[in-house]
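Me: I would like to learn how to read a sheet, the helices beside it and a pocket in a structure file. Could you take me through one example?

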Amino acid sequence: MNWYQNCLKPLQIAFLGGAIATTSLTFFGTAWCQSVRAALQDSPKVVVDEAWQIVNREYVDPDFNQIDWLRTREELLDRQYTAPEEAYRAIRSALKQLQDPYTRFLDPKQFQRLTEQTSGELSGVGIFLELHPQTRQLTVVKPYENSPASKAGILSGDTVLSIDGRSTQGMSVRAASQLIRGEIGSQVELEIDRPGWGPFAVALTRAKIEVPSVSHAVKYENSARIGYIRLDEFSSHAAEQMERSIMALEKEKVDAFVLDLRGNPGGLLESSIEIARMWLDEGAIVSTIDRDGNREAVRANGSALTQRPLAVLVDQRSASSSEILTGALQDNRRAKIIGTKTFGKALVQAVHSLSDGSGLAVTVAHYYTPKGTDISKMGITPDIPIQLSQQQQRRLVANRRIRATQSDPHYTRAIATLMAQLEPKPLALTLE
């Protein structure tokens, strides 16, 4: 047994809150192990070894894709790293051997973005921007409720001409968003153009913003009132936002629901389970199997918020948690699934923070639909498939305004399907 193996066991148990607590590592054995400890703590190697240990402990394939994972650790710790970026490249190179695109290393900026995405919160002013399809100008789709932007009177349709004096001409939505975000309490100045007003400046103080993952509306289709719900991602706030949307539409006495999961890349597993329970009173939702063959099954718990007819819209970009929800609703015959075959991601990741602010996402389990189907690389086949031309697909992605209208083939098919399920309303008769 070499010195790496002598020092390995204590390292494996030094976990705290899902991440390795580097200050509480305890080494046993020779003085060499003690010197290794000092060397690790004073160099980028500590992050390298943190990442290696998390994979060693949790990765779903205990054979590591036939890679000698212990030997990989030896090779990683034999190297000298003069900067964190060198260590990051080494970690990514080691993970690449697993041939799993979902087990990945995230540098501090990438990890911060992922944390913001899954938390459903960010520091900003609370506006949703897009490039206007005709003018290609940076345009406010809507300000978020109770945000600094809404309180300052920014309206849907306003054009953002500059951010802190920097012109937005030719600027992407992502680049603009990065400029607008910043520390809570700091200020950003936007130059706004509004029809009938002309350009004017607005100084906004950044705050913590709960990003809406769910939006809803009542659609009037023929004689029916349809509750349309759009779910963009499964963030930590998605379930509570979904509950509010369903309850609001129930108060509007809608006749049926359309749940739009198109383009939803997934998110938190727990969020998908909570949302599935809002639509299902009984039945299985999902089951997971970890590296040791342990199976965990999750079921509905009688907490459905509505029993009204439901149609779900999906496409090839509906992935992960979207597919868990879709599979649960389809296998339990709770909804008609309409659209194109989904992405086909049937793996569960755990995300860990590392000691320098970077992070690691590692695949820890496979999941299966209620009927035991493995959708990995296969996706979920809709009950009612719809094939769109590339031009139609690009149009739907580029122009959000046509979604859930008569120009949206998925939506119009969903309405036709729901109308066939609804009982005709009795005609009001008058006597003369």
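Reply: Let us begin with a single bridge in this predicted model: Ile229 has Leu259 of β14 as its bridge partner. The two strands concerned, β13 (residues 224-231) and β14 (residues 256-260), run parallel and are joined by 5 bridges.

Me: In what order do the strands of the open sheet lie, and which are the edge strands?

Reply: The open sheet is formed by 6 strands with mixed pairing, and its order reads β12-β13-β14-β17-β18-β21. Its edge strands, which pair on one side only, are β12 (214-221) and β21 (384-385).

Me: How should I read the second largest pocket, and what lines it?

Reply: The general idea is that a probe the size of a water molecule, rolled over the atoms, shows where empty space is left. Here the second largest pocket holds about 630 Å³ of space, and of its 27 lining residues the closest to the centre are Arg104, Gly267, Ser320, Lys345 and Gln349. Two or more lining residues come from each of α6 (108-119), α11 (321-331) and β19 (347-353), with α6 giving the most, 5 residues.

Terms used
Residues numbered from 1 in each chain as written. Predicted model: local features only at pLDDT ≥ 70, side-chain atom pairs only at ≥ 80, totals over all residues. Heavy atoms only, no water. 1 Å grid on protein atoms, 1.4 Å probe; cavity = no way out; pocket = protein on both sides within 12 Å on 5 of 7 lines; lining within 4 Å. Points joined across faces, edges and corners; volume = space filled by probe spheres on them. Helix = DSSP H or I, 4+ residues; strand = E, 2+ residues; numbered from the N terminus. Pairing = 2+ DSSP bridges.
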